[in-house]
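Here is a short briefing on one protein and the molecule it holds. Keep the structure open as you read, and find each residue as it is named.

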Amino acid sequence: MRIVLLGPPGAGKGTQAKDVSEKLSVPHISSGDIFRGEMNAGTELGKKLKEFVNAGQLVPDDLTTEIVVGRLSRDDCASGYLLDGFPRTLAQAESLDRELGAKGQKLRVALNLDIAAEKIADRMAGRRMCRQCGASYHLVTLRPKAEGVCDRCGGELYQRDDDKPETVKQRLDVYFRSTAPLVQYYQAKGILKQVNADGTPEEVRQRVFAALNV
Ligand code: ADP
Ligand code: ZN
């Protein structure tokens, strides 16, 4: 079961991905989480990534593909995975297809979390994330049980630098220019499923599970 999750920043990909990966017992591979792991660890790679991420820019395709596709060749991905945040450009999608083709593998479905652009800014302004496990929360729509503390692991919640309003606008521009075309790309391949992402996390989760028949 190899799944790609698409949708603009703030559509709820990370939130839904955690639930789907638990339900299907496949690893949740998030390019953003991988990059934040490097950034928080302060590695040389992390410093380089930070320049792009905190400016709301995409990390260059060759670097991104090397890191994420490398991750997919580990043992835990052998029987499937849920990709979140990758591919984000046509070049990345083509690289992924080449890699899969070389292994005789295919994507089962590309699920697009569909949400109007006007709703996104509020979602991102209220978003808080766990430093330890990467789980997402929202100050209004998905509150943690205890303020500032992750329900899943007890980690500290923080606001990502790139969720600040100045950077959000830039990320949306990048999304519409570079990532939105992937919806047509996967539609043409006949594996696209659309899910209305305007709703509570629980409502959207039910739509996602229904679309995946799980
Ligand atoms: P969101 O889905 O909320 O936009 P992510 O956590 O997926 O956030 O990504 C955060 C940032 O990491 C992006 O804005 C971008 O700078 C970088 N990034 C993540 N995935 C990719 C990718 N596939 N290609 C290029 N840059 C990426
Ligand atoms: Zn956590």
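The residues lining the largest pocket divide into 7 nonpolar, 10 polar and 4 charged. This is a predicted model. About 380 Å³ of space lies in that largest pocket. Ligand 1, however, sits in the largest cavity.

**The cavity**
- A search of the whole structure finds 1 cavity of 30 Å³ or more.
- About 650 Å³ of space lies in the largest cavity.
- Its lining counts 39 residues, and G32, G85, R88, R160 and R171 lie nearest the centre of the cavity.
- Six elements each supply at least two residues of this lining: β1 (2-6), α1, β2, α2, β5 (127-130) and α7 (165-179).
- Helix α2 gives the largest share of the cavity lining, with 5 residues.
- By class, the cavity lining divides into 13 nonpolar, 16 polar and 10 charged residues.

**The ligand and its shell**
- Ligand 1 is surrounded by 19 residues.
- The closest of them are S31, R36, Q57, G85 and R171.
- G85 and R171 are also among the residues nearest the centre of the largest cavity.
- Which helix gives the most to the shell around ligand 1? Helix α2 (residues 31-41) does, with 4 residues.
- The shell holds 6 nonpolar, 6 polar and 7 charged residues.

**Contacts with the ligand**
- R36 uses its side chain: an N or O atom there is 2.8 Å from an oxygen atom of ligand 1.
- V59 uses its backbone: a polar atom there is 3.0 Å from a nitrogen atom of ligand 1.
- How much of the accessible area of ligand 1 does the protein cover? On its own, ligand 1 has 540 Å² of accessible area, and the protein covers 96% of it.

**The largest pocket**
- The lining of the largest pocket has 21 residues.
- G10, R123, H138, T141 and P201 are the closest to the centre of this pocket.
- At least two lining residues come from each of α1 (13-24), α6 (117-125), β6 (136-138) and α9 (201-212).

**The second largest pocket**
- This pocket holds about 240 Å³ of space.
- It is lined by 15 residues.
- T15, D19, S136, L142 and R152 lie nearest its centre.
- Here α1, β6 and α9 each supply at least two lining residues.
- Which element gives the largest share of this lining? The answer is α1, with 4 residues.
- The lining of the second largest pocket has 4 nonpolar, 3 polar and 8 charged residues.

**Two backbone details**
- The peptide bond from F86 to P87 is cis, with omega near 0°.
- P87 lies in the loop between β3 (81-84) and α5 (90-102).
- S25 has a positive phi of about 50°, although S25 is not a glycine.
- Where is S25 found? S25 is in the loop between α1 and β2 (28-30).

Technical notes
Residues numbered from 1 in each chain as written. Chains lettered and ligands numbered in written order. Predicted model: local features only at pLDDT ≥ 70, side-chain atom pairs only at ≥ 80, totals over all residues. Heavy atoms only, no water. Near = heavy atom within 4 Å. Polar contact = N/O pair within 3.5 Å; in protein donor to acceptor, adjacent residues only side chain to side chain. Areas by Shrake-Rupley, 256 points an atom, 1.4 Å probe, with all protein chains shown as cover. 1 Å grid on protein atoms, 1.4 Å probe; cavity = no way out; pocket = protein on both sides within 12 Å on 5 of 7 lines; lining within 4 Å. Sits in = over half its atoms within 2 Å of the grid points. Nonpolar A, V, L, I, M, F, W, Y, C, P; charged D, E, K, R; others polar. Points joined across faces, edges and corners; volume = space filled by probe spheres on them.
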